[in-house]
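Me: I have a structure open here and would like to talk it through with you. Could we go over it piece by piece?

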Protein chains: 2
Amino acid sequence: MNNAEFLAWLHQAIPLTEAMQIDELEYTGYSVRLSAPLAPNINDKGTGFAGSIAGLATLCGWTLLTLWLRQRGVEADVMIAKSEQRFLAPVTERLVAEARLPEDSVVQQFWDRFQDKRRARLPISVTVGGAEVKLELFGDYAAIERTR
Amino acid sequence: MNNAEFLAWLHQAIPLTEAMQIDELEYTGYSVRLSAPLAPNINDKGTGFAGSIAGLATLCGWTLLTLWLRQRGVEADVMIAKSEQRFLAPVTERLVAEARLPEDSVVQQFWDRFQDKRRARLPISVTVGGAEVKLELFGDYAAIERTR
């Protein structure tokens, strides 16, 4: 499944991602960029709706861990367990979220535990905005291997 | 503006609230309940999409402070400044969020400061779920009086 196919699957599986018109997904192996136009995600002040911004950020971290696991042949249920969000400034243009894996040692620890227990948690940082960060999200994502 | 009128205004001002089909709003003077059906807010696992759940909770706290201020004749821009969210269990039915004001002394402190500085922050707790809480959100909301 390439990036475009994954995005099409997202729209079908999570209808709100279609309502948000998320139209760009880029996965590099260690980061994910998700992006959506401002118009469908606007609030009463004409800037980005906090629910859309936080939702895009939450989904961005989720997509990163989901794709990272799939790359390793693992189908897992990935869920956010907790998150902390700081809204630093209004979003006045296209919403662009970027999620990045933590440092290698943390990823390795997650992967060792996942292979041992078939479930593990990974902390992922996500920002929304470009040069100027508008939202910082620190999320803990849980992955549980799917048994069939 | 009554509850139904406020909800209609929300749908128009924040299009994602219409996509989420938020169809119930109850304001008591010290709490707000917002609710939406599961179907438009579903994820790939057939349970509530974290982005929808967190978005509904964020909006619920925002609505509480906005309506509380309007009741006092104040038109303010209300924005979430930061939040902490704990996802405790999947949402398997209608999304119901409930936001409550903090204890009276904290509200009084907020109101004194707001009248003095025309801006202040209020911490608001929100839960999603009913008897069994599925999400806890602790948000800091900033209110800034609108000058015309």
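Predicted model: local features only at pLDDT ≥ 70, side-chain atom pairs only at ≥ 80, totals over all residues.

Me: Let's start with the symmetry; what rotation and shift superpose chain B on chain A?

Reply: Chain B is superposed on chain A by a rotation of 180° with 0.0 Å of shift along its axis, and the RMSD is 0.0 Å. The two copies are thus related as by a two-fold rotation axis. The same surface serves both copies, in that 100% of the contact residues of chain B recur in chain A.

Me: And which residue of chain B comes closest to the rotation axis?

Reply: That is B:Glu84, whose C-alpha comes to 2.2 Å from the axis.

Me: How do the two E3 strands run relative to each other, parallel or antiparallel?

Reply: Strand E3 (residues 76-87) of chain A and E3(B) run antiparallel and are joined by 5 bridges. Within this arrangement, A:Lys82 stands opposite B:Arg86 in E3(B).

Me: Switching topic: what about the length of H3 in chain A?

Reply: Helix H3 (residues 50-71) of chain A has 22 residues, which at 1.5 Å a residue should span 32 Å, and its end C-alpha atoms are 31 Å apart, which agrees. Just after H3(A), A:Gly73 takes a positive phi of about 80°.

Me: Which residues touch the most other members of the largest nonpolar core?

Reply: They are A:Leu56 and B:Leu56, in a core of 84 residues. Leaving aside residues up to four places away in sequence, B:Leu56 touches B:Met20, B:Ile22, B:Leu34, B:Ala36, B:Leu95, B:Ala97 and B:Val128.

Me: So where does B:Leu34 sit, on the covered or the uncovered face of its strand?

Reply: B:Leu34 is on the covered face of strand E2 (residues 31-36) of chain B, together with B:Val32 and B:Ala36, whereas B:Ser31, B:Arg33 and B:Ser35 make up the uncovered one. In a regular strand the side chains alternate between the two faces of the sheet.

Me: What does E2(B) pair with?

Reply: Strand E1 (residues 24-27) of chain B pairs with E2(B) in the antiparallel sense over 4 bridges, and B:Tyr27 has B:Val32 as its bridge partner in E2(B). The hairpin of E1(B) and E2(B) has 3 residues between the strands, and there B:Gly29 takes a positive phi near 105°. E2(B) also runs antiparallel to strand E4 (residues 95-100) of chain B, the two being joined by 6 bridges, and the bridge partner of B:Leu34 in E4(B) is B:Ala97.

Me: Last one: which residue of chain A has a positive phi although it is not a glycine?

Reply: A:Arg118 does, with a phi of about 65°, and it lies in the loop between helix H4 (104-117) and strand E5 (119-129) of chain A. Most residues other than glycine have a negative phi. A:Arg118 has 14 C-beta neighbours inside 10 Å, so it counts as partly exposed. In chain B, B:Arg118 likewise has a positive phi of about 65°.

Methods
Residues numbered from 1 in each chain as written. Chains lettered and ligands numbered in written order. Pairing = 2+ DSSP bridges. Expected span 1.5 Å × (residues − 1). Least-squares fit on C-alpha atoms with pLDDT ≥ 70 in both. Contact = placed C-beta atoms within 7 Å. Core = buried A, V, L, I, M, F, W, Y, C linked by C-beta atoms within 7 Å. Buried ≥ 20, exposed ≤ 12 C-beta atoms within 10 Å, placed from the backbone.
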